[in-house]
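Me: Can you walk me through this structure? Keep it short, please.

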Amino acid sequence: MKRFILFLCMVAMISGAAWAAGAYDLKEITPTVKAALEGRKARYAELKALKAQGAAGETNRGYVFALEAVPGVSDVVSAENADRKVIYQAIVDQNGLAASGITTVEKVFAGVQRDKADAGEKYQDENGKWVTK
């Protein structure tokens with residue numbers, strides 16, 4: 001039951017962020033979206049640790065970027081970005097947005113990730129400059 005509640009909270013967080021900025025949300029949790037959400041949940045602690053070390057940061061496009069070549073960072077970044085892409089595309093598809101709508105969804109999530117960043121974590125500002133929060 002706890003896992004189900006945590007899963008629902010994660011879905012609400014993800015869909016709520018997009019809805020707040022553009023009135024878009026996940027209308028259906030497909031098996032692919034569910035797998036992407038679970039993948040993000042499974043790697044959350046590892047990604048958080050990489051961000052705290054300065055080895056990874058959030059881009060202004062809603063994806064993670066490897067900033068340092070530490071063991072495992074590229075695998076975590078690749079998996080995280082693949083899962084985010086699945087979720088972003090599902091929001092676009094389920095809300096009937098044009099293909100270009102993914103750019104809007106990415107930027108919304110970039111803002112959410114930037115706002116959620118902890119002190120000392122790196123993110124890319126609107127102009128592409130890397131900043132430490």
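Reply: Start with a term: helices (H or I, at least four residues) and strands (E, at least two) are DSSP runs, numbered from the N terminus. Gln94, for one, has its place in helix 3. This is a predicted model: local features need pLDDT of at least 70, side-chain atom pairs count only at pLDDT 80 or more, and totals for chains, interfaces and linings use all residues. Residues are numbered from 1 along each chain as its sequence is written, and side-chain values use heavy atoms, with hydrogens and water left out.

Me: What does the protein chain average in pLDDT?
Reply: The average is 87, and 83% of the residues score at least 70. pLDDT is the predictor's confidence in each residue, from 0 to 100.

Me: Where does pLDDT stay under 50?
Reply: Over residues 1-21. The model has 31 contacts beyond four places in sequence for that stretch. Contact means heavy atoms within 4.5 Å. Where pLDDT is low, the predicted coordinates should not be read in detail.

Me: Back to Gln94. Which residues does Gln94 touch?
Reply: Asp25, Leu26, Lys27, Glu28 and Thr30, leaving out residues up to four places away in sequence. Take Lys27: its C-alpha atom is 6.2 Å from that of Gln94, yet the two are 67 residues apart along the chain.

Me: How do helix 2 and helix 3 cross?
Reply: Helix 2 covers residues 31-53 and helix 3 covers residues 73-94. Their axes come within 9 Å and cross at roughly 140 degrees. Helix 2 is therefore oblique to helix 3. Axes are lines fitted to C-alpha atoms, for helices over the stretch in contact, and angles run from 0 to 180 degrees between N-to-C directions. Under 35 degrees counts as roughly parallel, over 145 as roughly antiparallel, 65 to 115 as roughly perpendicular and the rest as oblique.

Me: Which residues make that contact?
Reply: Among them are Val33, Leu37 and Arg40 of helix 2, and Val76, Asp83 and Ile87 of helix 3. The contact divides into 11 nonpolar, two polar and seven charged residues. Ala, Val, Leu, Ile, Met, Phe, Trp, Tyr, Cys and Pro count as nonpolar, Asp, Glu, Lys and Arg as charged, and the others, Gly among them, as polar.

Me: And at what angle do helix 3 and helix 4 pack?
Reply: About 125 degrees, with their axes 9 Å apart. So helix 3 is oblique to helix 4.

Me: New topic. What order do the strands of the open sheet have?
Reply: The four strands run 2-1-3-4, with mixed pairing. Strand 2 (64-66) and strand 4 (130-132) are the edges, each pairing on one side only. Two strands pair if DSSP finds at least two bridges between them.

Me: How many bridges join strand 3 to strand 4?
Reply: Three, and these strands run antiparallel. Gln124 stands opposite Trp130 in strand 4.
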